[in-house]
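Could you open this one up and go through it with me? I've jotted down some points for you to check by eye.

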Amino acid sequence: MTTAPANLLAVRRLLLDSLNVDPNTVRGEDLEPAEVGIVGDPAHRGGYHCGSDRVVTNDYSVVESSRDSAGLTLYASALDVGTFQVLSAGRTHDLRTFSTWCVAQCVANAPDSRDIREIIYSPDGKTVRRWDRLNRRTSGDSSHLWHTHFSFFRDSTKANRDQTPLFRRYLTSIGLLKENDMTPEEHAWLESVHKNLTALDGRNPLGQIYTRMAMGEDHTVPSYVSQHPTLRSLAAQLTALQNALTALSNKDYTDEPAIVQGVLAGLKPESIAAAIPPTMAKQVADELARRLVA
């Protein structure tokens, strides 16, 4: 049966935790749990609120994108958000301003919005509009005057890809969440780098692998690495370390004159003479005589 995926449940929890108004800090109309839905009611058939057991023939939520057809599972892949109103940082924020902000992020193709297929919303409480990444539709039914619908490409719910960053950015932008220096994901990445640096076994030059990671040359590195000043600083330091190690590895530490001088200093004159080939003896004698005269 159709179920709610963990990544959309996390978005639901984030919105409810942040928009269930704290009277000590903000005032307004709470966003209630019943107003944030993922799975359609039992009679619901077709669309992103349904999983594979409820889709219909030629369901637009399956056939219009390969991301949906390849990602079809029993998971619902939509989120409805109802009305709310909060006062934060001296300004009033509600479902309409929230919806238009999210649409603007999708129009700008913000990285954390790219799993959203469509948003059905009302910018003014009078007209219903639809932003559709596939440019198939422009409106929706009148129920979207009081709730906003988000559809997520089904491959993103199948992969359990984190969908909270976009909504966290909104809540941060209106002052309901504090903007930390680094997100938990960034802290986890740094901890991973530190752990692996201390575990290097010497088979690779120190810093080589992790310089690639810090500079974003490794495909496993999240995009925020190159965008965060602290991580950029770490990347620069690792790069400098790698460059220094490369320079050291290319340097020739063989001081041949010093080695020859050291060897000769440990030999007796007769040993030196015995070591000179007969064909060179006269040349050496002549050179020594020339130096003595000089």
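Here are my notes, point by point.

1. Before anything else: this is a predicted model, where local features need pLDDT of at least 70, side-chain atom pairs count only at pLDDT 80 or more, and totals for chains, interfaces and linings use all residues. Residues are numbered from 1 along each chain as its sequence is written, and side-chain values use heavy atoms, leaving out hydrogens and water.

2. Start with the open sheet of 3 strands, which has the order β1-β4-β5 and antiparallel pairing. The edges are β1 (28–29) and β5 (91–94); each has a single partner strand, so one side of each lacks a neighbour in the sheet. A strand here is a DSSP run of E, at least two residues, while a helix is a run of H or I, at least four, both numbered from the N terminus. Two strands pair if DSSP finds at least two bridges between them.

3. How many bridges join β1 to β4? There are 2, and β4 covers residues 85–88. Look for E29, which sits opposite Q85 in β4.

4. Now the rings. Phe, Tyr and Trp (its six-membered ring) pair if their centres lie within 6.5 Å; planes under 30 degrees apart are stacked, over 60 edge-to-face, and the rest tilted. That rule gives 7 aromatic pairs. Y48 and Y60 have ring centres 5.5 Å apart and planes at 85 degrees, so they are edge-to-face. Y48 is in the loop between β2 (36–37) and α2 (60–63), and Y60 is in helix α2, 12 residues apart. Both Y48 and Y60 are buried (under 20% relative accessible area with a 1.4 Å probe, protein chains only; exposed is over 50%, partly exposed in between).

5. F98 and F167 make a tilted pair, 6.2 Å centre to centre with 40 degrees between the planes. This pair links distant parts of the chain, with F98 in helix α4 (residues 95–107) and F167 in helix α6 (residues 164–173), 69 residues apart. F98 counts as buried because its relative accessibility is 1%, and F167 counts as buried at 1% too.

6. Which residues does F98 touch, not counting those up to four places away in sequence? They are V81, F84, F150, F167 and Y170, where contact means heavy atoms within 4.5 Å. Ring pairs also link F98 into a cluster with F84, W101, F150, F167 and Y170.

7. Finally, the largest nonpolar core has 32 residues, and L15, L79, F98, F150 and F167 touch the most other members. Such a core is a set of buried Ala, Val, Leu, Ile, Met, Phe, Trp, Tyr and Cys residues joined through side-chain atoms within 4.5 Å.
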